[in-house]
Amino acid sequence: MFLINCPYCGERDQQEFKAGGEAHIERPKQPTELSDDEWAEYLFMRKNIKGIQFERWNHVHGCRKWFNMVRDTSNDEIKAIYKMGEKPPA
Amino acid sequence: MTKNLRVKSSEYIDETNRISFKFNGKTYHGFKGDTLASALLANDVHLVGRSFKYHRPRGIMTSGSEEPNAIVQVNPGTNRTEPNVRATEVEIYEGLEASSQNCWPSVEFDIGGINNFLSPFFPAGFYYKTFMWPASFWEKYEFFIRHSAGLGKSPTSNDPDIYDHRNIHCDVLVVGAGISGILAAKNAAKNNFKTLLVDEKNELGGSTIFENNKFNKIDNKTPSEWLKKEIEELKNIKNLEIKTRTSVAAYHQYNYLLARENLTDHLEAKDKTNKIRQRLLKIRAKKVILATGALERPLIFNNNDRPGIMLSSAIKKYSEFYGVACGSKNVFFTNNDSAYESALSLYNKGINVEAIIDIREQSESKIVKKVKEAGIKVYWSHTIVDTAGYKRLNGISIMKLSNDGTSVTGSKISISCDCLGVAGGWTPAVHLYTQSGSKLKFDEEKQIFLPNQNTSQQISVGSCGGDFKIDEIIKNLNQKLKDNLNIKETDLDNIKVEIDQENSKRNIWLLPSDKPLGKTKPFVDYQNDATAKDIKLALREGFRSIEHVKRYTTTGMGTDQGKLGNMHALGIIADTAGVKMGELGTTTFRPPYTPLTFGTIVGRNVGKFFDIFRRTPINDWHVENKAEFENVGQWKRAWYYPINGETMHQAVQRESKAARESAGILDASTLGKIDIQGSDASEFLNRVYTNAWSKLAVGKCRYGLMLNEDGMVYDDGVTTRLGENHYIMTTTTGGAANVLGKLEDYLQTEWPELDVYLTSVTDHYATASLCGPNSKNILKKIIPDLDLSDENFPHMSFKEAHIGNIQCRIMRISFTGEHSYEINVQASYGKDLWEKCIEAGKEFNITPYGTETMHLLRAEKGFIIVGQDTDGTMTPIDLQMDWIVSKKKYDFIGKRSLYRSDTMREDRKQLVGLLTDDPNIVLEEGAQIVSELNQSPVEMLGHVTSSYFSPNLKKSIALAVVRGGKDMMGKKLFVPMENKNINVTVANPVFYDEKNERLNA
């Protein structure tokens, strides 16, 4: 059970959060101009990395804010947490 | 004729408090402080169970939670009965009953014992190999296998006890209250760390508390005397909470641990009532100090499982702590010095020790000399080759061990004995450590796995960290505490320790016998009857991974998870395969460390607390008027209102007719309501709904369909424009929370530039939906000053009004196709509003209707219910709702997906109406639809999603999804049922009032 440092509320138990999949997949601004394949790439394709992964989390039973997390999926170590819109750490 | 083997009064046993209990129907006596195991041993009872596979007689082996054999059913036949309880952990109380498991008709005479003599036919993988063919016979085999397997019986009536959960946050959690744990907790608390110390036993002190080896001294006292003083001092320390009878079950990441606190299991039945039995502690610790100690290893030799064969350390504990002799003729079998401590402990109490068999060549430690001085015979370089006695050990045979330890030589010596203490060295209890994700390394010299790479703020101290001697323990503990807690001084800086240096031990994982391995029974896993032979067979058959060998042989898969024998299994595999133990790795230790009751896991979430349920503000009225309820998400919704013993069908037919002929009223408070405000609110709605919103005038309502980005219908509902920048959106009852979450997600992550604010107001309003041709007349009576003319208040519009002092929002919208109004008031006035409507509606025969009638009425109109007529694979086009999808809008959620090649296929499943050729036959929802009857296999074209008998149309109607259904209008299809085939015709899904004339009736 992770201990997650919500950037708005501080450390909270994982039970208060919801995972929201891979981060930094921007919704295309002009979907109608994309081919089926390009749209499918946005819609369906996710990396599901073993190792360092950038993902979205939502403090759903707290402030309800979305934020980003860098997590090592091989050992569940949380490397960094940053707000939506902020640059991911290098 | 039970013998009394109580030898000496012990400070932990209250001999003034005699307790009677029953085991296998027979009454015995023990004392307050006894465990079931110690009390049975005091009565000379060793045989307590039968093994799982061969039904061999088994006795008590240990004195703790690692016990593999003495697994009993507590209080059989009562509602408090519990199977698979370790007799070594049950504290006795007046009236306790326990019985053996896995035996029939009794533990003394067990029919299944025949398996022991058939054992050559039950090798590892026996079940896999034997019951494979013919495959169709498995069900027959299973009946017999299930019948003969199984440990214990689960209770058949409700658990009368209360269970609880508690969250604990602490700076330092210390697991295990042996000498290391006590010193760690004391020093942490003294340095202002909020500290929690837990131990699974009822007394603090671990094994040191009965450590009376006179050659070990701490500050010139025996370790037990010294530790008692330390424990006494704990009472005066602030910041320290101590929990005994508390077993840590799981150590998760981020220092999150689950522990079970046992509160009433040791009490008499009369003291158990109305108390919390067990509490699950959910502990979040900044730092964890594991002081879980070590488990003594057995030795693996032929017939090493007979009742009377125990761990040497257990014999010592029964003698020193409980004052019980485990036998009257004792022998020890060892590879290290610890058996000598046990032997001396017995000798000092006047208990006969016949001999010590030591596989080492010699040892010169003080304690060995002392044992020799006591005149106890020591056989060096000898090993046990066989044991005798079926239900109780009565003798052993020993032979000289060859120099390389792989064979025996010379002549056989027989020794008569009734108890054998086995000492194979110590295995650090690293179970919790590895559960946390931390990694072990193998120490070739000590032949143990030790903590290596920690993943969280934790340290392992004492013997679980590999320190076995008191001087090492204190020195290393001191340093680890200083480093980990960042403190400069501790109590341990000036402690003087003297110890008796132990000679190195000799480790042989599988001891030889004069018989070949195939003819012997050296048990590695006692509970699951896995022998060294089974492990070697698995290797011969090609298994290499330790995890595979474990599953094939079931080694370590019992309720004890192989706490005793796992190391030997690894050792035998490594020796046989010629690899190093360190390379082999270990199997995974999984939570729980010891079994948990379901009660502990569930806590208070039972009965009506199992799940949250929500009731509308009008609920009391529904109850008073005898409504039947159905669950919709978490809501309890009125389903129908039977009168005079009506069936559901009769009630629904009556309610449906009344709603169309005069007036009906529905509690619609459960619909999700989201208040949307902000200067970009209109733009936001444009993006989340398929239709256009910019031109909706203030005071008007519009139906909206919401898609997922994949183009599939997600939710629907009516949204009203309350002001220039103010909307109220309604969602489906079940979808409310998810819709809000989805909208928030887009606002926060994709469109943060939009000025929009969302607030869930579902619970803030109560909603009465008034419908039918007389709804207007009723509303007129309640609000006489409101102009209800079609010009002033047309369909799909909104008015604010007052009923007396109560402010209300009225939407003229309809889910039934009738002229209707949804009246919203502040939740607390909900029941008042409802009663006013009922009162005003009396002259029009106003009829309250529930969700079932609502479903029927909307089905007559072909209105979908998201989640019933859709299943996450339906686009608006599939639903024949093209009219609501804007062609002009550049973008909305899911738009692009509607133009994917797959979503544009003509042969997708599409929503259609179905009419049965016989108007009285009502289809079953979920029934399959085909186009051919005499064909097998036949393609399934689709299924029925909604089906009712319509009292207004006087015929059966149904909605269905059918492959290519859009172009099948009028086509004959079939619904094959178990006993008949139903002929149906594809129809327009709008069955009633196709021209929507009734909306303005």
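Which residues of helix α13 (residues 532-540) of chain B are buried? I opened my notes with this point and found that B:Ala532, B:Asp534, B:Ile535, B:Leu537, B:Ala538 and B:Leu539 are buried in α13(B). I record here that the model is a predicted one. I then looked at what comes after the helix, and noted that α13(B) is followed by B:Gly542, whose phi is positive, near 105 degrees.

**Entry: chain A**

I turned to chain A for an overview. I counted 1 helix and 6 strands in chain A. Read from the N terminus on, the elements of chain A run β-β-β-α-β-β-β. I noted that the C-alpha atoms of chain A fill a box of roughly 45 × 30 × 25 Å along the principal axes. Chain A has 90 residues, and buried residues make up 38% of them. I also looked up the contacts in chain A with a separation of 6 or more, and residues 24 or more positions apart account for 46% of these.

**Entry: helices α5 and α12 of chain B**

Two packed helices are described by the angle between their axes and the distance between the axes. I looked up both values for helix α5 (residues 179-190) of chain B and helix α12 (residues 470-485) of chain B: the angle is about 35 degrees, and the axes are 11 Å apart. I recorded the crossing of α5(B) and α12(B) as right-handed.

Which residues of α5(B) and α12(B) meet? From α5(B) I listed B:Ser180, B:Leu183, B:Ala184, B:Asn187 and B:Ala188. From α12(B) I listed B:Ile473, B:Ile474, B:Leu477, B:Leu481 and B:Leu485. By class, this contact of α5(B) with α12(B) has 8 nonpolar residues, 2 polar and no charged.

**Entry: helices α19 and α24 of chain B**

I next examined helix α19 (residues 648-661) of chain B and helix α24 (residues 851-860) of chain B, whose axes come within 9 Å and cross at roughly 55 degrees. At that angle, α19(B) is therefore oblique to α24(B). I noted that the crossing of α19(B) and α24(B) is right-handed.

On the α19(B) side, the residues that meet α24(B) are B:Met648, B:Val652, B:Gln653, B:Glu655, B:Ser656, B:Ala659 and B:Arg660. On the α24(B) side, I found B:Glu852, B:Thr853, B:Leu856, B:Leu857 and B:Glu860. The contact of α19(B) with α24(B) divides into 5 nonpolar, 3 polar and 4 charged residues.

**Entry: the six-stranded sheet of chain B**

In what order do the 6 strands of this open sheet of chain B lie? I read the order as β45-β46-β47-β44-β49-β48, with antiparallel pairing. The edge strands are β45 (928-929) and β48 (972-976) of chain B, each of which pairs on one side only. I found 5 bridges joining β48(B) to strand β49 (residues 981-987) of chain B, and the two run antiparallel. The bridge partner of B:Phe974 is B:Asn983 in β49(B). I also noted that α24(B) packs on the sheet, where it touches β46 (942-950) and β47 (955-963) of chain B. The direction of α24(B) makes about 105 degrees with that of β46(B).

**Entry: the three-stranded sheet of chain B**

I found an open sheet of 3 strands in chain B, with the order β20-β21-β22 and antiparallel pairing. Its edge strands are β20 (382-388) and β22 (408-416) of chain B, each pairing on one side only. The twist averages 25 degrees from one strand to the next. Strand β21 (residues 395-401) of chain B and β22(B) pair in the antiparallel sense over 6 bridges. I noted B:Ile398 standing opposite B:Ile413 in β22(B).

**Entry: strand β7 of chain B**

I looked up the partners of strand β7 (residues 97-100) of chain B, among them strand β1 (residues 14-23) of chain B, which runs parallel to β7(B) and is joined to it by 2 bridges. The bridge partner of B:Phe23 is B:Ala98 in β7(B). Strand β5 (residues 71-74) of chain B pairs with β7(B) in the antiparallel sense over 3 bridges. There, B:Gln73 stands opposite B:Ser99 in β7(B).

**Entry: B:Glu268**

Where does B:Glu268 lie? I placed B:Glu268 in the loop between β13 (256-262) and α7 (269-272) of chain B. B:Glu268 is partly exposed because its relative accessible area is 28%, and partly exposed spans the range between under 20% for buried and over 50% for exposed. Leaving aside residues up to four places away in sequence, B:Glu268 touches B:Tyr93 and B:Glu94. Lastly, I noted that the C-alpha atoms of B:Glu268 and B:Asn988 are separated by 71 Å, the two residues being 720 residues apart along the chain.

Methods. Residues numbered from 1 in each chain as written. Chains lettered and ligands numbered in written order. Predicted model: local features only at pLDDT ≥ 70, side-chain atom pairs only at ≥ 80, totals over all residues. Heavy atoms only, no water. Axes fitted to C-alpha atoms, helices over the stretch in contact; angles between N-to-C directions. Helix = DSSP H or I, 4+ residues; strand = E, 2+ residues; numbered from the N terminus. Parallel < 35°, antiparallel > 145°, perpendicular 65-115°, else oblique. Left-handed = near helix turned anticlockwise from the far one by under 90°. Contact = heavy atoms within 4.5 Å. Nonpolar A, V, L, I, M, F, W, Y, C, P; charged D, E, K, R; others polar. Pairing = 2+ DSSP bridges. Buried < 20%, exposed > 50% of the residue type's maximum accessible area, 1.4 Å probe, protein only.
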